[in-house]
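My notes are below the structure.

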Amino acid sequence: MDDAELLRRQVQGFVRGFGLLSESQTPCGKPIPVSQAHALMVLLARHERDDPPMQVEIARDLGLDKSSAARLCARLCDSGHVVRTPCPKDGRAWRLGLTTSGLRLARSIEAASKARFERLLSALPAEKRSSVIASMAALNEAVRNTKSE
């Protein structure tokens, strides 16, 4: 088996084992789709910087096309977690913000995610932790560098 096949199997195993294929809950056990949880975490980070994002920025940050991001944002608005307001400088663009319930949920997801990764890291032998983190960074960089291929 060649290295590309070994990498493919390892990534597939991680995606499946970590619970990333679930449409009803996050890997940290929150009852919300993973895509919505990630959007809420991006919105939370921007909220904490007092920098409400435009919908197109959410698309960019999540690696989504504009129409997928629009559907995702619409679902978050429909659930009462996000509000969209027209951008004053461009009436075609939308600025996004968390509602009170969205802020509460985003903070809960963020805390559960951090706890999940702390448990995951503690399950690794101490001498392998920095190597695993460095390998994930290298893999993420390779993904970014080959995304358009």
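**Basis.** I am working with a predicted model, in which local features need pLDDT of at least 70 and side-chain atom pairs count only at pLDDT 80 or more, while totals for chains, interfaces and linings use all residues. Residues are numbered from 1 along each chain as its sequence is written, and side-chain values use heavy atoms, with hydrogens and water left out.

**Helix pair.** I looked up helix 2 (residues 34-48) and helix 3 (residues 55-62), which pack at an angle of about 120° with axes 10 Å apart. Axes are lines fitted to C-alpha atoms over the stretch in contact, and angles run from 0 to 180 degrees between N-to-C directions. Helices are DSSP runs (H or I, at least four residues), as are strands (E, at least two), numbered from the N terminus. On the helix 2 side I listed His38, Ala39, Val42, Leu43 and Arg46, and on the helix 3 side Glu57, Ile58, Asp61 and Leu62; contact means heavy atoms within 4.5 Å.

**Burial.** I found Gln55, Glu57, Ile58 and Ala59 of helix 3 buried, that is, under 20% relative accessible area with a 1.4 Å probe, protein chains only. Their cover includes helix 2, helix 4 (66-78), strand 1 (82-87) and strand 2 (90-98).

**Pocket.** I checked which helix gives the largest share of the lining of the largest pocket. Helix 6 does, with eight residues.

How values were computed: Buried < 20%, exposed > 50% of the residue type's maximum accessible area, 1.4 Å probe, protein only.
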